[in-house]
Amino acid sequence: TVSSDDDTASTSLTVNDLANFEVNINSSSTTEVTTGEEISINATITNTGDLEDTQTVRFLVDGNQIFSTSTSLAGGDSETVQFTYTTQGGETEATVSTDDDTANTSLTVNDPANFVVAINDDPSTTEVTTGDTAVINATVTNTGDLEETQTINFSVDGANEDDQQVT
């Protein structure tokens, strides 16, 4: 409103909020995976402001940018984005971010079962006489994170002599 002693004039004024791109991670395909598996992260980007804008949406794993895409949204509009990633070992933090907001989700990435076999060399078992029984001791160690059952084979000169299931 503007006024003088003799007159008054008024007008309406609309104040628009600037664009603000908020991030909400809706889901990931799983929170526990095996190294080398592919995961998908879905996030909704919502412009909570009144004005249209274009921003870069980034997907990061453990702070390293993996992918990015440009998204344009009018005020109040939303868009769902999906990022796919082939996992590597260890605890992992996946992040989706815009210029205005960031959302995180944690993933546990397990190493698959990996059986390592070591023969326990005992000098008394390295030489035997034909017809004698040889006792061979071996240690089987799963160096992975996941449990698995495997068949352990004992062979002599390429011929299978015995099998045993180990978990």
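Trainee: Which residues line the largest pocket?

Mentor: V117, I119, I136, A138, V140, I152, N153, F154, D162, D163, Q164 and V166 line it. A pocket here is found on a 1 Å grid over the protein atoms alone, as an open set of points where a 1.4 Å probe fits, with protein on both sides within 12 Å along at least five of seven lines, and lining residues have an atom within 4 Å of a point. Before we go on, this is a predicted model, where local features need pLDDT of at least 70 and side-chain atom pairs count only at pLDDT 80 or more, while totals for chains, interfaces and linings use all residues. Residues are numbered from 1 along each chain as its sequence is written, and side-chain values use heavy atoms, with hydrogens and water left out.

Trainee: How much space lies in the largest pocket?

Mentor: About 330 Å³. That volume is the space filled by probe spheres set on the grid points, which are joined across faces, edges and corners.

Trainee: And which strands supply at least two residues of the lining?

Mentor: β11 (115–119), β12 (138–142), β13 (150–156) and β14 (159–166) each do. β14 gives the most, with 4 residues. Strands here are DSSP runs of E with at least two residues, numbered from the N terminus.

Trainee: How do the lining residues divide into nonpolar, polar and charged?

Mentor: There are 8 nonpolar, 2 polar and 2 charged. In that scheme Ala, Val, Leu, Ile, Met, Phe, Trp, Tyr, Cys and Pro are nonpolar, Asp, Glu, Lys and Arg are charged, and the others, Gly among them, are polar.

Trainee: While we're in that region, is F115 buried or exposed?

Mentor: F115 lies in strand β11 and is buried, with a relative accessible area of 13%. Buried means under 20%, exposed over 50% and partly exposed in between, using a 1.4 Å probe and protein chains only.

Trainee: What is F115 in contact with?

Mentor: Leaving aside neighbours within four places in sequence, F115 is in contact with V140, T141, N142, E148, Q150, I152 and V166. Contact means heavy atoms within 4.5 Å. V140, I152 and V166 are also among the residues that line the largest pocket.

Trainee: Changing topic: how many residues are in the largest nonpolar core?

Mentor: It has 21 residues, and those with the most contacts inside it are I41, I45, F59 and V96. The elements giving two or more residues to this core are β3 (21–28), β5 (38–47), β6 (53–61), β8 (78–86), β9 (90–97) and β10 (102–110). β5 gives the most, with 4 residues. A nonpolar core is a set of buried Ala, Val, Leu, Ile, Met, Phe, Trp, Tyr and Cys residues joined through side-chain atoms within 4.5 Å.

Trainee: Why is β5 described as largely enclosed by the rest of the structure?

Mentor: Because 7 of its 10 residues are buried. β5 also pairs with β8 in the antiparallel sense over 9 bridges, and the bridge partner of T44 in β8 is T80. Two strands pair if DSSP finds at least two bridges between them.

Trainee: Back to F59, what does it touch?

Mentor: Not counting residues up to four places away in sequence, F59 touches I41, N64, Q65, I66, F67, F83, Y85, A94, T95 and V96.

Trainee: How do β9 and β10 pair?

Mentor: In the antiparallel sense, over 8 bridges. They form a hairpin with 4 residues between them. Within that pairing, S97 stands opposite T102 in β10. S97 counts as buried, at 6% relative accessibility. β10 also pairs with strand β4 (residues 32–34), in the parallel sense over 3 bridges, where T34 stands opposite N110.
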